[in-house]
Amino acid sequence: MPKMMTPSQRNDFWEALNKAYPNPRCELNWTNHFSLLMAIILSAQSTDKNVNNVTAKLFPVADTPQKVVELGEDGMKVYTRSINYFNNKTKHIIQLAHILLEQYQGQVPTDFETLITLPGVGRKTANVFLNIAFHAPYIGVDTHVFRTCHRLKICSGKTPAEVEEKLQKIVPTWYKPDVALALVLHGRYVCTARNPKCYECPLYDVCYAEEKKGKINK
């Protein structure tokens, strides 16, 4: 097994990943750019399914900065309390809504450097937002992307930021808008943290994971 994929092996991997997950889409529900950013903030260390259950009730009541401010922190917690770390996340979203109204005419900024100055918005959140909202070539490194990059020998890094930097260098331009979402879907449903489903993996032939299991011929 190679320590890491060679450039040629990575090229084969990108082609196979694109074929396995054509036009990947984020599984978070959203109605506008602000609600998308809210959903991403709520999704940190929570499942998309849980977030969608919460936002299905929250968004009809408050999916804009003005409505969130009117609802208030206590009002929002009625909806968000089932989310991990809901106290801090709710507080950040309220602060975010105030700043957007006061400084950005209620609109979410569309440049990375401004986004990461906002409450509750770090590198991963900003990358994911820009990637999903505009299909832009930003690569958000969540737990699935971080894990699969190491397991499959795509690249390594001690932190998500290091992995993001390496992916920006090794992923071809044509594939940057889709690579993160494809890796998320692969890590979520096939290359799971425990008991990866190697027997049904569409990337079996381009996988270099050390714990790779035999594939069942059907």
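1. A residue counts as exposed when its relative accessible area is over 50%, as buried when that area is under 20%, and as partly exposed in between. These cut-offs are applied in several of the points below. The structure under discussion is a predicted model.

2. Overall fold. The secondary structure of the chain consists of 10 helices and zero strands. Read from the N terminus, the order of the elements is α-α-α-α-α-α-α-α-α-α. The radius of gyration is 19 Å, close to the 17 Å that the globule rule gives for 218 residues, so the chain is as compact as a globular protein of that length. Along the principal axes, the C-alpha atoms fill a box of roughly 55 × 30 × 30 Å.

3. Interior and surface. Of the 218 residues in the chain, 50% count as buried. The accessible surface amounts to about 11200 Å², and carbon and sulfur atoms contribute 51% of this area. Among contacts with a separation of 6 or more, 60% are made by residues 24 or more positions apart.

4. Packing of helix 1 against helix 10. Two packed helices are described by the angle between their axes and the distance between the axes. For helix 1 (residues 7-20) and helix 10 (residues 176-189), the axes come within 10 Å and cross at roughly 70°. Angles of 65 to 115 degrees count as roughly perpendicular, and helix 1 is therefore roughly perpendicular to helix 10. Which residues meet in this contact? Helix 1 contributes F13, W14 and L17, while helix 10 contributes V179, A182 and L183. The residues of this contact divide into six nonpolar, no polar and no charged.

5. L42 is located in helix 2 (residues 33-43). Its relative accessibility is 0%, so L42 counts as buried. Leaving aside residues up to four places away in sequence, L42 touches V51, T55, T80, I83, K89 and I93. For L42 and C191, the separation is 149 residues in sequence and 24 Å in space, from C-alpha to C-alpha.

6. A buried glycine in a loop. Is G157 buried or exposed? G157 has a relative accessibility of 12% and therefore counts as buried. This glycine is placed in the loop between helix 8 and helix 9 (160-170). When residues up to four places away in sequence are not counted, G157 touches F146, H150, E162, V163 and K166. One of these partners, F146, is 11 residues from G157 in sequence, and the C-alpha atoms of G157 and F146 are 8.4 Å apart.

7. Two residues with positive phi. Most residues other than glycine have a negative phi. Q105 has a positive phi, near 50°, and is a residue other than glycine. Where is Q105 placed? Q105 is in the loop between helix 5 (86-103) and helix 6 (112-115). With 67% relative accessibility, Q105 counts as exposed, because the cut-off for that class is over 50%. H135 is not a glycine, and its phi is likewise positive, at about 50°. The position of H135 is in the loop between helix 7 (123-134) and helix 8 (143-151). H135 has a relative accessible area of 44% and is therefore partly exposed.

Terms used. Residues are numbered from 1 along each chain as its sequence is written. This is a predicted model: local features need pLDDT of at least 70, side-chain atom pairs count only at pLDDT 80 or more; totals for chains, interfaces and linings use all residues. Side-chain values use heavy atoms; hydrogens and water are left out. Axes are lines fitted to C-alpha atoms, for helices over the stretch in contact, and angles run from 0 to 180 degrees between N-to-C directions. Helices (H or I, at least four residues) and strands (E, at least two) are DSSP runs, numbered from the N terminus. Angles under 35 degrees count as roughly parallel, over 145 as roughly antiparallel, 65 to 115 as roughly perpendicular and the rest as oblique. Contact means heavy atoms within 4.5 Å. Ala, Val, Leu, Ile, Met, Phe, Trp, Tyr, Cys and Pro count as nonpolar, Asp, Glu, Lys and Arg as charged, and the others, Gly among them, as polar. The radius of gyration is taken over C-alpha atoms; the globule rule is 2.2 Å times the number of residues to the power 0.38. Buried means under 20% relative accessible area, exposed over 50%, partly exposed in between (1.4 Å probe, protein chains only). Accessible areas come from the Shrake-Rupley method with a 1.4 Å probe; for residues, only the protein chains shown count as cover.
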